[in-house]
Amino acid sequence: MQAPIINRPLTLPHLIIITVAIGLLWPMAGKAGSNRPATLVVPETVAVGAPFLVELSSSGKLEAVEIEWSERVITPSITPAAQTYTALAMLGTGMNAEPGVRSIRVRARVDGRNRTYQKFIELLPKEFPREALSVAPGMNKPPKEIHGRIKRELAAMRGALRTELPQRWWKIPFHRPVEGIMLSRFGLRRTFNNETKRRHTGLDFRAPEGTPIEAIAAGKVVLVGKYYLPGNTVVIDHGNGVVSMAMHMSRVMVKEGEWVERGQAYGHSGATGRVTGAHLHLSVSVQGVTVDPEPLFDLDSLTGAAAALQSK
Ligand SMILES: [Zn+2]
């Protein structure tokens, strides 16, 4: 018996469909030839202020990876494994970012060939509730002679948040710094003493005075300060653009330049600086942008390549 032969000519719509399909399957540009292209995993949507993960993986040798996001170029470290090479990056948007569709481009050298990948991420709006707080008058409206000091301290903290160890020392989920529940969330629109309006740039944990604060990931202590508004502060660089900052500490147990392991206690919680009581304030900066730390502690709420990374 003769096998049925499908013998219909390819019409223009067919060709368009096939061309589009090839376009979807094949990464943009690059020199064709390698049959081991890389796979880029990004979340489809991300909430304003949230951190997210991006992963490029390939069975071919990944030699260099650059990610273009939000007018920055990020160079994640590449992890070789028996079968697969991966480059994992943590990215984020600020709490004031405009919702909308953003492009993410990745340039990589795979098996000696340059390739470019592009995807789109929809930034979703997020509601940030209000919160009214009462603090000491000198913390609400610092006296004039303190203004210069506050400016210098802010500049030192901003500088510390821009440091970047070239290797990734963090893994997901991050280690919770204290056991206490989360109190004030990231991004809240705060009013101090019914007067001063400030956004909450971190996440507060319940932590009675003297509670040990543990490193959310391994890293290098890049700043230790006794500051007016943040109180005793420690900044740790976890590599590849992820930096954490603890404030209001009663005791600091590390020095600048020291290395801490994931889970290592580096100080105690307290009530130094502008506070209503003892707690831990944790800020996390990703590629120079302050993001919501909360998703970092829970694999399910961290968007992006998280599912694929549980074993890494
Ligand atoms: Zn706080």
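**Figure 1. Contacts across the whole chain of the predicted model.** Of the contacts in the chain between residues at least 6 apart in sequence, 71% join residues at least 24 apart. The chain holds 312 residues, and 38% of them are buried. Three helices and 22 strands make up its list of helices and strands.

**Figure 2. Confidence along the chain, with residues 1-33 in close-up.** The average pLDDT of the chain is 86. A score of at least 70 is reached by 86% of the residues. Over residues 1-33, by contrast, pLDDT stays under 50. For this stretch the model has 16 contacts beyond four places in sequence.

**Figure 3. The open sheet with the strand order β10-β11-β12.** Three strands form this sheet, and their pairing is mixed. The strands at the edges are β10, residues 130-133, and β12, residues 196-199. Each of these two has a single partner strand, so one side of β10 and one side of β12 are left without a neighbour in the sheet. On average, neighbouring strands of this sheet are turned by 25° against each other, direction ignored.

**Figure 4. The pairing of β11 with β12.** Strand β11 covers residues 189-192 and is joined to β12 by four bridges. The two strands run antiparallel. Within this pairing, arginine 190 has arginine 198 of β12 as its bridge partner.

**Figure 5. The open sheet with the strand order β14-β20-β18.** This sheet also has three strands, here with antiparallel pairing. At its edges are β14, residues 212-214, and β18, residues 251-252, each of which pairs on one side only.

**Figure 6. The pairing of β18 with β20.** Strand β20 spans residues 265-268, and two bridges join this strand to β18. The two run antiparallel. Valine 252 stands opposite glycine 267, a residue of β20.

Figure 7. Arginine 176 sits in the loop that lies between helix α3, residues 147-161, and strand β11. Alanine 217 is 41 residues away from arginine 176 along the chain. The C-alpha atoms of arginine 176 and alanine 217 are separated by 9.2 Å.

Note on methods: Residues numbered from 1 in each chain as written. Predicted model: local features only at pLDDT ≥ 70, side-chain atom pairs only at ≥ 80, totals over all residues. pLDDT = per-residue confidence, 0-100. Contact = placed C-beta atoms within 7 Å. Pairing = 2+ DSSP bridges. Axes fitted to C-alpha atoms, helices over the stretch in contact; angles between N-to-C directions. Buried ≥ 20, exposed ≤ 12 C-beta atoms within 10 Å, placed from the backbone.
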